[in-house]
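Hi,

Here is the structure I promised to pass on. Have a look at it first, and then read my notes below.

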Amino acid sequence: MLFGRGKKNPIKIADKKVEKWIYTTCGYCSTGCSIEVGVTDAGKPVASRGVGSAEVNRGKLCIKGIFEHDIFEASGRGEEPLIREKVREDYQTVGWDTALDKAGSEIQRIQEKYGRDSFAIVSTGQLLTEEFYTLGKLSRAVIGTNNYDGNTTLCMASAASGYKRSFGSDGPPGCYDDFDNTDCLIAFGSNLPEQHPVIYWRMREAREKRNFPLIVVDPRVTMFAQFADMHLPITPGTDVVLLNSLMYVILDEGLEDREYIEKHTNGIEAVEKVVADFDPVSASKVCGIDEDTIRTVARLYAKSGAAMSIWTMGINQSTHGSDGVVGINNLNLVTGNIGKPGGTSLSITGQCNAMGTREWSSCSGLPGYRYLENPKEREEIANYWGIDPEFLPKKRGLTETDIFPAIETGQIKGLWLIATNPMTSMANTPRIRKTLERLECLIVQDSYRDVETTEYAHIYFPAATWAEKEGVFTNTERRVNMVRQVTEPHANTKSDLWIFNEMSKRFTQGEKVKFPEKPAQVFDEMRELSKGRLLDISGMDHDKLEQQRGIQWPHPEGSGRDTGDQRLYTDGKFCYADSKAKLIPLPFIDNNEVPDDEYPLWLNTGRLVEHFHTRTKTGKVGNCNKYSPTAFMEMNPDAAAEMGVEHMQYVRVVSRRGDAIVMAQLTQRVPHNMVFIPFHFHDCVNRLTKGLLDPHSRQPAFKQSAVRIESVDQEEAARMNVELRQY
Ligand code: SF4
């Protein structure tokens, strides 16, 4: 007998009166989950659900995706264009024509006075690919500034740089299906369950079937590390040392795939020479992983039938980020683990369309992975766009992280920021604040009016968000997927595509170039330009992408298939002239800020499952924000006891750049000499970070800074914290 059963209230799921489910693709992380958004008969989005027939997520969504329909009407959305003469003045609400005229004339005034490159443009990883392509055309062919980049320099630049150096082109060679085929997985600096929950679920499903070894390399005992067979708590910033040491063991014990190396790579001799200095005994003293573990991991990886590596920001956000990626590629090349099922170097990308910007935005070159440095490719694109090839720069200009120092020195006088929020996301934000104040003209284009950087803008363009528009995203495994429009743009917001097209009309040079109005027409241009290239998408169109729930590139026209290629380089042919990959030696220079007597703790930063980037979206979604409404700091209980810090007490964290007030959470997840603070919160961890730049990718080292802890008045700190977190 079940006592009292009849008295219980049954759980009721509220009827949201969904009339129609509309297919689209998640706009948060790069996993690329297919979503259906439920709308009422009045067209109001009220629910989200995963698409069961989608290969990527097979019906699953994480907490961000489940509540994604809430972002359309979230607080803080921009509604009308705004302008003002001076930053301290009130904004004036104006029509689109006035705002665009003002922006166009300011860009031209600055360029005429100081030169074409004195006006810079920084975009994002969150626009639709058609919008990226159009912005690239506008920046390169019409406005004509070479100082144009994306905020992907903060997250994916090292991966792109490392792929280019090793394989001759960007483009992750693997796919999620590799989890189903691998015999060993190493994850470097990736907390997959929190950062990419659905990729983690794919990996876990595969592992439950075949139980392959999982090794997690991370200074912190992350959720992923807790689930691993082996956790390697590496000293921050020393990945290259560990990777060289793994190579040392593999080469020393003859575990390499000599046939693959000889047939498909160049440079093994130089690599052998450098790794000879990284025997496990010496390496262990630098990277903090004991020599036996290094040997065990090297043997396990090299002897596996197929082995794969994944990584995220733990590798990329380092002064050795690009080298770390090359080190992972070296490891996979010498063991013959590229382009085969279960054998790959798979960078897990960050933002929903970080791949789209790498492929088509022209930020680091020209569309379709073309290089500005290549005269033939410059000419090809100039002819296609209808401009003089001489109008295009002959080499890449400044990256985002070099644009801000160039504002300080007066080289750059005007800036257009599109869907990026450097006042929270850049390292050393006290310096960024002063930098923005020097600009003669700052244009901020964002879906949210309350994004912190708007405080320093002269012109604000309110943009439509995510599925208020139509176009495509590319995910981590090179799968292009369809974002269908679910609802009309909020208030008087406009799609980024419309804004770019309208801006082109403000320039005489814009009369030479065609700017199609419809996303499908823009996609047709991209298809055309992709023919015969590594990222060939000529066999795709918007309808087919929706039908197939996304298609991986390459997918050329006439392939006779509905799906794309799962993997790159399956034939061992890479994108260098002789078709061989490069093995690159990686000497190690220790240039990080490290703990000392004055600042005795490592500061590590990272992400939380509930939040995305600077919380412009998830900070307004109740069911995301309520789990992590405030900044906190993980601290080891023993270190806390020594410093007199108690659980849930506010402390002041101080670095050489600035200070921040956070609440201490005592946990063994961090070692005695480290604290961890999530990066999502404004006026918090990036007031402290140093952000030294990687020499190849110009990506900042967010995760290697030194701090000390000071006590603060608890009531005062609580009051400040509440004020800071209010939206
Ligand atoms: Fe969206 Fe990423 Fe979550 Fe999938 S895992 S629902 S793509 S945030």
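Below is what I found, taken region by region.

First, a word of caution: this is a predicted model.

Let's start with the ligand. The space it takes up is the second largest cavity. Around the ligand you'll find Cys-26, Tyr-28, Cys-29, Thr-31, Gly-32, Cys-33, Leu-61, Cys-62, Lys-64, Gly-65, Pro-197 and Val-198. By type, that shell splits into 8 nonpolar residues, 3 polar ones and 1 charged. Two helices, α1 (63-66) and α6 (197-210), each bring at least two residues to the shell.

Next, have a look at the open sheet. It has 7 strands with mixed pairing, in the order β5-β4-β16-β15-β14-β6-β7.

Which sense does its pairing with β22 (residues 632-635) have, parallel or antiparallel? That pairing is parallel, over 4 bridges, and Glu-634 has Gln-665 in β24 as its bridge partner. With β23 (residues 650-654), β24 pairs in the antiparallel sense over 5 bridges; here Val-653 is partnered with Ala-660. β23 and β24 make a hairpin, with 4 residues between them.

Cheers

How values were computed
Residues numbered from 1 in each chain as written. Predicted model: local features only at pLDDT ≥ 70, side-chain atom pairs only at ≥ 80, totals over all residues. Heavy atoms only, no water. Pairing = 2+ DSSP bridges. Near = heavy atom within 4 Å. 1 Å grid on protein atoms, 1.4 Å probe; cavity = no way out; pocket = protein on both sides within 12 Å on 5 of 7 lines; lining within 4 Å. Sits in = over half its atoms within 2 Å of the grid points. Nonpolar A, V, L, I, M, F, W, Y, C, P; charged D, E, K, R; others polar.
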